[in-house]
Amino acid sequence: MKSESTHVCASQHKILTIPNLMSFFRLCLIPVFIWLYCFKGNYLWTGIVLILSGITDMLDGFVARHFHMVSDLGKMLDPVADKLTQVSMLFCLVTRFPLMAVPIVLMFIKEIFMGITGLMVIRKTGSVFGADWHGKVSTCLLYAMMILHVFWYDIPDDISNLLIIVCTIMMCISLALYGRHHIKVLTGKKETK
């Protein structure tokens, strides 16, 4: 039992792990899809690169959990790679779909709040919390919405607006649930499941 907990503790401090390399790979894909979308106008390859980024996002979490490669760096690097990918693609899309500005603004508000309260939680507990179900659902919806807008060049305004609104609502729900969790941890209240 002691050797297992020692192994878990040691793995939390590892830097060079497969999930961390996948997160770094996602960061490297950001300038690629910006170049493809904004400068080359190649929407097919932009979508392919975005799908590849989304697949590695799902895979790194699976590999980290199932092969005991969860690390504190990974818990921070994974969401940074996610958010930078998402906000970069949204900035690309806002050039054609002005309503994309709404999830961009909400994302900035959410990340500022999460960054401040997250640091306070780390200082209080010494632990880095991973993503919850609502964060994962929000990310999946956002990727699906962005990929549809990339591949479906002539997407009707009504469908486009509906997809953006659904994503925005899920982002608001996720922000509220994360906020409640962080506030309960900071105030010392126990969460009821």
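With a threshold of 30 Å³ or more, the count is one cavity. Rolling a probe the size of a water molecule over the atoms is how such empty space shows up.

Which helices each supply at least two residues of this lining? They are H4 (72-93), H5 (101-125) and H6 (133-151). H6 gives the most, with four residues.

Now set the helices beside the record. An unreviewed UniProt entry lists "transmembrane region" for residues 15-36, 43-67, 87-113, 133-153 and 159-179. Two of these spans can be checked against the model. Residues 43-67 are 96% helix and 0% strand. The end C-alpha atoms of that span are 35 Å apart. Residues 87-113 are 74% helix, again with 0% strand. Here the end C-alpha atoms lie 16 Å apart. Helix H4 covers 72-93 and helix H5 covers 101-125.

Next, the aromatic side chains. The model holds three aromatic pairs. One of them joins Tyr43 and Tyr153. The ring centres are 5.2 Å apart, with 35° between the planes, and the pair counts as tilted. It links distant parts of the chain, 110 residues apart. Tyr43 sits in helix H3 (residues 43-66). Tyr153 sits in the loop between H6 and helix H7 (157-187).

How far can the coordinates be trusted? The mean pLDDT of the protein is 86, and 89% of its residues reach 70 or more. Among the elements, helix H2 (residues 18-39) has the highest mean pLDDT, at 94. Helix H1 (residues 2-12) has the lowest, at 49. Over residues 1-10, pLDDT stays under 50. For that stretch the model has one contact beyond four places in sequence. Where pLDDT is low, the predicted coordinates should not be read in detail.

Conventions: Residues numbered from 1 in each chain as written. Predicted model: local features only at pLDDT ≥ 70, side-chain atom pairs only at ≥ 80, totals over all residues. Heavy atoms only, no water. UniProt positions renumbered as here; feature names shortened; annotations may be inferred. 1 Å grid on protein atoms, 1.4 Å probe; cavity = no way out; pocket = protein on both sides within 12 Å on 5 of 7 lines; lining within 4 Å. Points joined across faces, edges and corners; volume = space filled by probe spheres on them. pLDDT = per-residue confidence, 0-100. Contact = heavy atoms within 4.5 Å. Phe/Tyr/Trp six-rings, centres within 6.5 Å; stacked < 30°, edge-to-face > 60°.
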